[in-house]
Each structure stands twice: as C-alpha cells, then as structure tokens.
Amino acid sequence: MSGQNYDLKGALDPNIESGVEHGVALVSFTRAITGKSTAELDAARNELLAVAGSAAVATAALIAANFSLLDRLANAIGISLDDMMVKPSADIRELLGINAYPSAANTAL
Amino acid sequence: MSLYADSAHQPSAAIDALHTDELGSFSRVGTWGSAAQRTAVAATTRKIRVEAGIQESCGDEALADCVVLPDPVQRLVREVALGGIAVDRKFCQQVQAEGVTEGAYVEIVALVSRIVNLDIFARGVGVLPRPLAAPADDKAPSFERPAEAVDEGFFTASVPNAPAGGELAKSLYGAAPAVNVLRAVTLVPEEGHRVVALIRQQYFPAEKLMAFDSDNGHALSRAQIELVATKISEHNKCFY
C-alpha cells in the first residue's frame, strides 16, 4: 500500500474505480453479502471468482464476516477510536462521511 | 470432515477448525449465560436476520425457544443482530436498568456478533448457516467478573492493557498493547479470548494491525482487504 494512489470513494461505490486490483468486483461482492438478494450475491460471487479465483472469494467472505463481528462489538460496546488514529484518520473520515455515523459520538474528536 | 464441505470455496484448515470450535461454543455454558440461554441467543439472532431477509434459514430457529429470553435481552439481540447502529450509552444503560447485568450484556453482544461472523462467512461462500447444536449441558454459569476490569470510557467495563490489566491482560493481548476494539468484550474474558483469536486468524494478529504492508497469508492484498472492510463498516455505520 505504500506509494500507491487509491480513490477511497471506490471503497463505497463500485462505479468508482478505487485503483485496487479487482476492486469493483470486491465492492460488489461485499455489498451483496449484506443485501437481501441471493441472486445478486450469486452473480457477484461468480464475478469475483472469475477475476480473482476461489481463494479470493473465501478470503473476501472471511473479511466481510470479521468486520461484521468487529462493527457490532464496536457499536454495541461504544468503542472509541484509539487516540493514535484520530488525527491520521481525519481526512479520510471527512472524505467518506464517517463523522456523520451515530457511533462517531463514542469518540472525542 | 470440513465444516464447509458443501462449499465450492474452502477456507484454510485453520479457519475451518476455528469456526468449528466457534459453532460449538454457543451450545455450552458461558460466564453469564447457561448453555440453553446462549443457544437461544444465537438462534434468536438467526431468526431475526432471516425475518429481515438478510440471511437464509438452516432450520434451527426452534432453538430460539429453548428458553424464554426476557424482553430487554430480546431488544439487545435484535439491535446487535441488525448491526448495532442504534445502540448508544442510553440504550446500554436502559437494558441494564431492566435487569440485564453488565457482564450478561457483554456476553450477549459477543455471542450475537460471533454467530453473525459465522453466518456472513457461510453466506459469502454460498452455503447455508451451519446448524447450531442443542444445549450441551446444564451447568451453572460462574458469574465471575475479573477484578482487573475497569471503566475505560466504553459503555461497559473492560480489561486494560498491562501493567494495569496484569496477567489477565497479558494472556488476552500478548506482550504489545491492544487497540480498543480488542478489549471490547474482555469483561467476559472467555469472550475476549475468542474475539482476539478470531481477529488474529481471520484478519491480522495485533502486532500487524497497523502495519499496512504486512501479510498474513491471505489470498487478498492488504489494500483489497481494507476495501472489503471499509464497505462492511459503511454498511454497519461503524465509526471505529
């Protein structure tokens, strides 16, 4: 990741090229995994499989699961952002609209 | 036999073993919940998510009725099952005011979060959730609260990093200080150990969390991993 230029908005919108390899397929798969349509998920999984392979599908599912776990812990226990991350993350949080999340109240900014 | 033998997308043997152990944990006695209560919490989580249309049923919803969960527990399970977005300090305090102890609150949050972890993975690799087992025993919970747990500014107490957290902190976090989310559910050390192990194996060990060029043997690069993580956290409106 050092020295690479990425468009962080591509993390949230599959129509924006993030610069990350297979980024569009990954974002589409991730969006579908939390959605209601199994047809959409199946299509996104097949697309990710086609471009990145089965191990990538399993890993993407694992990361989606892991952060589904972490997000719930953080939200429900009121976990504040670590002090060392507050300043370095300021620009990213502003760019991605993260400061508007209800859980932002758990961190003194 | 692999836990995910029916999937075309196999995890590593280590993840398979981890998830097998995780699945069994819901049917065993915890620190604050009996085996039946913990099973009911996990099954209720699934029932809520199936009814919301965000996961498929594997047919174990009847286990949600193996004990009657009180209303404040039901509300907590529902909120966390669907992401915990609306949970704030007032909600946490209200649930406790209605009789859910602080330790039980933490254990319930951990249980719901951990079953969602398994179910999201199963969904991602194209299989149904793995069926829960019936409650395995009728032992009484210990109700033990670690003396090391203190108010660190979260909604509930947690075990601080060493030296304040003592030997318990070292056993939970290892030698290096743990970031806040790793300490989230350590008021219930068993749940804390599980969460640390999950993050270590599913994502990165604590010492590599902030090293963005690090590798943990994943099939995706760090940048790809963080892309997925960011999208999930946007969905759950998680500031952390």
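Visitor: What covers the buried residues of α7(B)?
Guide: This is a predicted model, and in it the cover includes α3 of chain A, along with α1 (13–25), α5 (102–124) and α6 (166–173) of chain B.

Visitor: Which residues of α7(B) are the buried ones?
Guide: They are B:Glu191, B:Gly192, B:Val195, B:Val196, B:Leu198, B:Ile199 and B:Gln202.

Visitor: What makes you say they line one face of the helix?
Guide: Look down the axis of α7(B): the buried residues sit inside an arc of 160°, so one face of the helix is what they line.

Visitor: And how do you know the span of α7 of chain B is what it should be?
Guide: Helix α7 covers residues 189–202 of chain B, which is 14 residues. At 1.5 Å a residue that should give 20 Å, and the end C-alpha atoms are 20 Å apart, so the two agree.

Visitor: Let's turn to the core. Which residues touch the most other members of the largest nonpolar core?
Guide: That core has 101 residues, and the ones touching the most other members are A:Ala60, A:Leu73 and B:Val109. The element giving the most to this core is α3(A), with 16 residues.

Visitor: What does A:Leu73 contact, leaving aside its neighbours within four places in sequence?
Guide: In chain A there is A:Ile79. From chain B come B:Val109, B:Ser113, B:Val181, B:Ala184, B:Val185 and B:Val195.

Visitor: How many residues does each chain bring to the contact between A and B?
Guide: Chain A brings 56 and chain B brings 65. On the chain A side, α1 (23–33) and α3 (54–77) each supply at least two residues, and α3(A) gives the most, with 24. By type, the chain A side has 32 nonpolar, 17 polar and 7 charged residues.

Visitor: Where are the domains of chain A?
Guide: Domain 1 is 1–77 and domain 2 is 80–109. Their centres, taken over C-alpha atoms, are 22 Å apart. In the contact between them, 4 residues of domain 1 meet 4 residues of domain 2. The domain 1 side consists of 3 nonpolar residues, 1 polar and no charged.

Visitor: Now a few single residues. Why is B:Pro129 called buried?
Guide: The cut-off is 20 or more other C-beta atoms within 10 Å. B:Pro129 has 24 such neighbours, so it counts as buried. You'll find B:Pro129 in the loop between α5 and α6 of chain B. Setting aside neighbours within four places in sequence, its contacts are B:Arg46, B:Gln55, B:Cys58, B:Leu118, B:Asp119 and B:Ala122.

Visitor: What is the peptide bond between B:Ala162 and B:Pro163, cis or trans?
Guide: Cis, with omega about 5°. B:Pro163 belongs to the loop between α5 and α6 of chain B.

Visitor: What makes A:His22 stand out in its backbone?
Guide: A:His22 is not a glycine, yet its phi is positive, about 60°. It lies in the segment before α1 of chain A.

Visitor: Is A:His22 buried or exposed?
Guide: With 21 C-beta neighbours inside 10 Å, A:His22 counts as buried.

Methods: Residues numbered from 1 in each chain as written. Chains lettered and ligands numbered in written order. Predicted model: local features only at pLDDT ≥ 70, side-chain atom pairs only at ≥ 80, totals over all residues. Domains from an automatic or database assignment. Contact = placed C-beta atoms within 7 Å. Nonpolar A, V, L, I, M, F, W, Y, C, P; charged D, E, K, R; others polar. Helix = DSSP H or I, 4+ residues; strand = E, 2+ residues; numbered from the N terminus. Core = buried A, V, L, I, M, F, W, Y, C linked by C-beta atoms within 7 Å. Buried ≥ 20, exposed ≤ 12 C-beta atoms within 10 Å, placed from the backbone. Expected span 1.5 Å × (residues − 1). Arc of directions from axis to C-beta.
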